[in-house]
Amino acid sequence: MHRRGNRTMCIVYLIAFLFSLTSEQCSSKLIEDSSQSFMERMHTGKTSFIYFGNHGETLINVLQMIAEPLSQCAKLSKSHLSDQHISVSVNCSEDAIANYCTGEKLMTKAYLFRGSEVLRSFDIDTVFDVNAIVSHVLFSVLFNEVRYVHTPAELLRVESAAKQNSDIVVGHIPVLGLPEHRALMEAAFVYGTKYQFVQTTGTLVLKHMGVVDPSSSQAWLWFLHCKGVSRRSDPCPSIPMRKPLNTINIHTFLQLMEAPLTEAVLDPSDVDVVHMHLGVPVLYLFSQLQTQQLDWATAQTLALQLRGEVGVVVIHRDGPNVKTSLKYNAAYRLPQEDVKYFTLNSAEGVVKLFKEELLQEHKFEDEEEDEEHWSDLDILDDEVSESVYRDRDLMLDLESVIELTSDTFQITVTQNDITVVLFYFKWDAVCMAFIQSYIEVADALEGMNGVKLAAVNCGEWTDICSDHNVTSFPTVLIYRPMAAAQLYKGMLGTKSLHRFILLSLVSNPYLLSSSAEVMSFLEGDLYSKHMYLTPVRVLGLFSSTHDMGVTSFEEAARLLRGETILGLFAHKEAEQWVEGLSVNLPALLVSRSPGVPYEVYSLPSSSPTDLVSLIKQVELDRFPELTVENLPWYLELGKPLLLLFIGKEDSTESMKALAEIKQLLSSGQLDSFLPCWIHLGRTPVGRSILEKYLGFVPPLPVLVMSRLKTGEEVFLFPPERPLMAKNILQWIHDVENGQEQPAGLIPDGKWGPPVPFFDFLAIMDQEAPTYAAQRAPKMKTGGREDHREQKHGTPNQRQTPHPSPNPQAPRQHSEL
Amino acid sequence: MSVIQRLSRLLYVLSLVLAASGSGLHGRNNSVSHEYCVLGAGPAGLQMGYFLSRSQRDYIILERNTGPGSFFHIYPRHRKLISINKIYTGRRNKEFNLRHDWNSLLSDRPDLLFQRISQELYPSADDFPRYLSMFVKELGLKVKYGADIGRIKTSDLNGNQGYILTDQNGVSYQCSVLLVSTGLWVPQQVDFLGSDLVEGYESIPTDPEEFKDQAVLILGKGNSAFETAQSILGRASRIHLYSPSPVRLAWQTHYVGDLRAVNNELLDTYQLKSLDGLVEGRLEDIAIVRREKDGGKRRTLYLTLTELLDDQNGNNISKVTGQNLPGYHTDNFSLRQPYDRVIRCLGFRFNFSIFDGSARPPQSSGARGRLPGITACYEGRGTPNMFVLGTAAHSRDYRMSAGGFVHGFRYTVRAVHKILEQRYHNIAWPATELSISQLQSWILRRVNEASGPYQMFGVLGDIILLRGSYCEYLEEFPLQALPQLSALSGRLLSDHGLLVLVMQYGLNQTDTLGPGRAESEWTKAWRSNFLHPVLYYYNTLPTEKDMRQRPVSWPLPRPEAVHHMVEDFLTEWDQPISHSQPLRHFLEHCLQTDLRAFYAESCFLLSLTSRTPPLFCRQGYLRKQGIVGNSHLWQHAREAGLMADHQGDTSVSEYLKHAGAAVVSAMNFDL
């Protein structure tokens, strides 16, 4: 390697390869620059690709190869780039341009200049071969022409800008620098003025374009007919290119997109259309004077349906050179074949003919792909199943969980204060994923008095499960002696279940007999006893134990066992707790944590179940931190989210942003929203949410508005503005008035089948054509029996029709 | 059935109940009235009695003998049942164990099983009536013994057809619904010259010593013929079996009415050329003639052909000469040697004689007319409100399934009872409501334990009525009545279509014991030969016409989509790659929705980033019942590329990407 000290050793290789892109002439040269000529080149304002090196033979060879393809492009092109020069130079000098010749940069970088400005530098690793150089250089040069999109939302934006204006070519390049990338860039280079080119590498866009298996590292190209859409709200019809991505195919494809329908007054065999040269089948339709308009309409429909695959030519019969017999009204010609005539009955018939028969080759390829795809089907595509399957050699340690049987069930569930019973199936992945959490809970509770965790394998003890009406798996029921089983309705996870069981042990409601006890319940000793379970306390305040609502409240408390800690203060002193507040007894007092002001609600007399929902509602935080465990409670409110994302490190900026929103909240200006926040440290999946919303993760904190229920748009609070209450209000206002551009879209994707259907019927029809076919109407069903009785003649010994296996031959056991 | 019809039926039944309660007073000895009369206290009658008693219907079981199951006091003659009584299955699942218990009747008493009576794999026939007695006693079924019904006629009961049964004492029973479970008692006979020289299976001696050194010709090649042959094999000199069709082996045809290997020792002695043999020929063409031998000391019987006796007008059998025997014309004729005995073992037929004109069901088109013809819901053809149960109802699945045998018809009886409940009491077919996200595991549950569809393969199937986000699961509906599903079950169809789960044997085109007999590749599951679950998906209910024109040997018409779950050596369809996932993909296609399961974290992401998250998240997570998992499992899912990884600044989410090929177990079980 050459170090700093070796600078003088740099032998000047000024090998520049320059080609002028003029519409008439292509001249390209590899030029070796000296420092002087380099400086001169800097002043021409032309584009040059320059490598600074000394022993650069290998690269020189590569660079020489570039001359050819680039000049080819130029020939095809009548591009706006034609007045530019792209020179590709390899250069290192002893003196003036030392900046580029020094140290480690030497030999490891190449530069793209426009004039004296460095457009981009490349690691030699990325420009590893001709394809890579060409694609990267062109991508940089065409930076303004080719849009790079990342998310479907970005693509939609490009689309809506292009509607009624120009068509779009979208290329998906899984890996940059490969021949496909180069082909796309070359196409962009040539057709850049005509179409809007879009490049993407994201699988999200692939899914958006309807690719079934976005994981395959295949390149894709679509043509979006945006120019011709009649209304701006219409989507642009898209047509995928079905052939491999290379320059010739793209060229052909784009040509086909341009000219679907032509006219002629010649016999089919004499018609010369571009399609024949492109190796594409041509469909000829004969038109008569009387029905000309109708024929033309039919032809147009067909041309549209077959666009990209078949060229359509309308032949006017009245032409003197048309000699085709009147009994045919259509003909087609496959590449390298003669014209074949036929009679067209319906447009659908022709489409069918082409799609199912004449384009067989295509179909064949598809089928081959399909077959490969089926082998993919042996890979589990379900995250829960797959993760459980990967544990298949893991023996679950069920020691801390009692396995119940028909014989032990009744005894066990009446023996403990609380028996938690899990009903599960061994073959159900969700059950088996949950049982790991269940064992974790059992281990954590091991040795605790009065609590026992048990499990029933419903694959074996089906009678227990049916007797307890368990129809959903997994199910967790809580049994207490002399009480009906309680269904656990919380998240099926270690934390939630553990908390639920511990909370279940707390007597509910806490009967409080004095204000001092109330105080203790809300923030004193009674409080701290269960502080680690939940900070929230809900207190029912009644003026006396004779109040009608007390029993209802007690019943509600029983129903909420395991979920909420409730206190009951039915006492004449209860009045004190609502004094000075605009609420009368009976009332509900909510304490979120000690030191935070209580919230008080009046308590209407209602049924226990209504009380339960009321209590659950008042328990909800007004500015919650969203977590995986609590999101469903908040989504239920159906409000648009005002979502603040906070980074791992609790920066002052984040704290300030939280405070600002809290301030807005208390002023009541956010009532139509659910303000909430996600801490990316505690909830790392928040990062993926941001990515899906915006396509990238901006510096945090960041405020986003997402209207999940009502709209599809996501708005981003402008990152350059400080997150201040008044700015936020202004922004909300702007969004509501439609003055803000959405930053992303929430797709209303239907969750259809994730894989194509494995169609047994189709396979049967293919492999055993009559097997799955309905019988012809005449046949009698009675014929299923085979009464093949011996007709006549001497009864004689007959062998059974089944060949018996030769006992001498080694037994072949082929059960598997 | 229209509502009015149904109402009028209901009223009619009600009025009958009233009439019945009053009848005790004035009827006394002469006339009794019941809503349901069950004729015969055999296994089918008692099974129906149990269901009627459980639903607290007014019923009576009439039995001419003094105890239940009297058929089994005589038959099988050699006293060994060939129905499997497998008491150790390695499993404790009661439903599953019924798959291998062919003798017990269904009840809600978990211990009322045949194994309480016998632990033998092939129990003694005497044990069966004992079991039935126990069944009657413990369940308190109402059986009237000693009532020998000699005559059944129709009668008009408030505009509906009812039946009046008269016993030997002249007592008449007025029944609005008649359930005929008389079984098959009448020996099947074929009329040919000399049939009077033939002994019947029903009356032959069972002591092998009586056959000492005798040559025996047995007509028939069924289980009774082989059972007889087997019992005398050690004493008789030569045993030949003669019947039209070749032996059909149950282990080849999967039909338990064909020759069971339990009784097939004669196949061995035949193939090893140890004096016994099988011959095919028409029964109508033969004649049995007697020739005196050894000065009249020994009766010798010859098999000959009717045409050989026709030379003169008068057929004088006593003067049979050598020319009347086939051996005279064909010197190597198989059955040329004389026999000491000819035994008829041709099975049994339904006793049509007790039915008066309009009460008589027609003869079935199949099964050589030995059985009554019945509709797909087991009602006699042309005899409304009369149903046929048990062995006599076998014409619906003759030579196809197990409807002629206890282990099969106990389920058909249950199905018929559900039809009765709907038709006469407006109680819809029981259904379990399931959310769609639970459907797959419920199907797997049924497939892995249900005994009804397993025993009554191709005949009873589970019906899943799709209703969008949930479905109704109906168990063991008679598939041939599928076009009348709504009327028979009282369950309405939605436009989401329906699924039918059937157990089926396969094409059976390969050698039953030969290579390639079993399929293990799920993608070729439709070629499975052994019993395996098949799911049919229909947009709309098939019509009668669709049903008639169904593909040959299919239980159901061609559906919109079909799914075969590949046969399994252990009949355990619970493996993730070969069973669960293909099933899920099929359901996804039928329901047009993604049915994958997602951890809570993925649901969190999907709930915030799509307007309608996948079904599993909607029905689980968003109802606060998400499956959380743990870091160990998430790690697996992330390594597989199925779960989003939020570490670092991955520019493109690799979410949902397939990766990390799961290694499919390629264990070889070749022995």
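Mentor: Let us begin with one pair of side chains, B:Arg584 and A:Asp381, which meet in a salt bridge at 2.6 Å, N to O, the term standing for a side-chain nitrogen of Lys or Arg within 4 Å of a carboxyl oxygen of Asp or Glu. Before going on, note that this is a predicted model, in which local features need pLDDT of at least 70 and side-chain atom pairs count only at pLDDT 80 or more, while totals for chains, interfaces and linings use all residues. Residues are numbered from 1 along each chain as its sequence is written, chains are lettered from A and ligands numbered from 1 in the order in which they are written, and side-chain values use heavy atoms, with hydrogens and water left out.

Across the interface of chain A and chain B the rule finds 9 salt bridges, and it also finds 47 residue pairs in polar contact, both residues being at pLDDT 80 or more. A polar contact is a pair of N or O atoms within 3.5 Å; within protein, one must be able to donate a hydrogen and the other to accept it, and residues adjacent in sequence count only if both atoms are side-chain atoms.

On the side of chain A that touches chain B, the elements that give two or more residues include helix 13 (383–389), helix 15 (429–445) and helix 25 (685–694) of chain A, helices being DSSP runs of H or I with at least four residues, numbered from the N terminus. Helix 25 of chain A gives the most to this side, with 7 residues. The residues of this side divide into 54 nonpolar, 34 polar and 31 charged, where Ala, Val, Leu, Ile, Met, Phe, Trp, Tyr, Cys and Pro count as nonpolar, Asp, Glu, Lys and Arg as charged, and the others, Gly among them, as polar.

The contact, meaning heavy atoms within 4.5 Å, takes 119 residues from chain A and 139 residues from chain B. A:Glu383, A:Trp427 and A:Trp751 lose the most area in chain A to chain B, together 8% of what that side buries. The area buried between the two chains is about 12200 Å², of which carbon and sulfur atoms give 57%; buried area is the accessible area (1.4 Å probe) that two parts lose on being put together, summed over both.

As for confidence, the mean pLDDT of chain A is 76, and 75% of its residues reach 70 or more, pLDDT being the predictor's confidence in each residue, from 0 to 100. Over residues 361–374 of chain A pLDDT stays under 50, and the model has 7 contacts beyond four places in sequence for them.
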